[in-house]
Amino acid sequence: MEPRLKIAIQKSGRLQEDSLRLLRECGIRVDDGKDQLRAQARNFPLDLLYLRNSDIPQYIEDGVAHAGILGENTWLEKQKDIRSVISLGFAKCRLSVAVSKTTEYPGVQWLQGKRIATSYPNSLRAFLEKHHIEAEIHEISGSVEIAPNIGLADAICDLVSSGSTLFQNGLEEKEVVLRSEAHLYANKQLDPAIGSILDKLIFRIQSVLEARQHRYLLMNAPVSSVERITQILPGMKSPTVMPLAVEGWCSIHTVIPEARFWDIIDELKASGAQGILITPIEKMIL
Ligand code: AMP
């Protein structure tokens with residue numbers, strides 16, 4: 001039988017949709033796992049295992065799954081011997097300590113002797129030890145943010161991204177325990193045949209992630225402005241410059257980091273660029 005790479009992703013939860021979107025953008029056709037625990041890709045030697053998020057590190061360490069998509073926070077919490085292969089740029093969040101907004105909080109020492117509710121006891125313990133604080137850790141598995149309001153804890157330690165859940169519960173973020181985003185993790189001793197399928201997948205993921213961070217930029221400009229515009233553009237190499245049918249004008253094409261577009265747009269216009277178009281790139285191979 002041909003070897004197949006087994007990748008674990010979340011059965012349900014926040015990471016699932018982005019994980020599936022990434023695999024699909026890599027050209028891998030898979031079902032969404034609604035009524036199944038396992039799905040076979042039709043056009044790539046890959047099987048998906050839909051598992052509980054917190055079980056994934058163990059399955060990767062045991063080799064039941066060769067690799068899996070996880071938040072760094074889960075990896076750090078579970079302390080399994082697996083390796084990060086590539087960071088994926090989604091599910092960015094931080095694990096933070098928050099207290100009621102009415103609390104006078106002079107600094108981390110305030111946590112001394114307090115009760116802190118969390119689903120991440122290991123990460124919190126490491127943070128408290130680093131700051132030489134002894135506190136009581138209450139491990140709860142969900143809805144951590146209501147713990148202070150029902151008198152269960154003085155503080156919480158939970159994942160935060162926009163901060164709106166904390167805000168709705170009258171809490172304020174005070175300490176960042178760690179920062180996290182989704183990574184692809186893998187077993188440390190993969191069979192070479194499986195390793196080479198993983199390498200192909202990583203290559204595809206890299207080209208999708210590069211493409212997401214860049215845009216294709218096209219504009220028309222007087223030929224006399226080309227030199228100035230070229231200096232403004234943070235392109236991959238030098239831009240492509242093509243003549244237009246109208247004498248003295250040309251079309252300039254290049255690829256730029258998405259984040260830079262708004263920084264340079266005014267300069268481009270001031271240099272005579274017109275009809276500026278910016279379009280997404282599907283794949284980008286450097
Ligand atoms: P869940 O959907 O609650 O099972 O969360 C799965 C993973 O999604 C967590 O381990 C984090 O890596 C990530 N995550 C959870 N909450 C957030 C959040 N508020 N913002 C971004 N990512 C999050």
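1. In this predicted model, a polar side-chain atom of Gln 10 lies 3.1 Å from an oxygen atom of the ligand, a polar contact being a pair of N or O atoms within 3.5 Å. An N or O atom in the side chain of Thr 74 is also 3.1 Å from an oxygen atom of the ligand. For Ser 161, a side-chain N or O atom is 2.9 Å from a nitrogen atom of the ligand.

2. The protein buries 78% of the 480 Å² that the ligand exposes when taken alone (Shrake-Rupley method, 1.4 Å probe).

3. The shell around the ligand holds 14 residues, of which Gln 10, Arg 14, Asn 73, Thr 74 and Ser 161 come nearest (a heavy atom within 4 Å). Five residues of the shell are nonpolar, seven polar and two charged, with Gly counted as polar.

4. The ligand lies between domain 1 (5–89 + 181–211) and domain 2 (93–180), because both give residues to its shell; the bounds come from an automatic or database domain assignment.

5. Residues are numbered from 1 along each chain as its sequence is written. Local features need pLDDT of at least 70, side-chain atom pairs count only at pLDDT 80 or more, and totals for chains, interfaces and linings use all residues, while side-chain values use heavy atoms, leaving out hydrogens and water.

Notes: A polar contact is a pair of N or O atoms within 3.5 Å; within protein, one must be able to donate a hydrogen and the other to accept it, and residues adjacent in sequence count only if both atoms are side-chain atoms.
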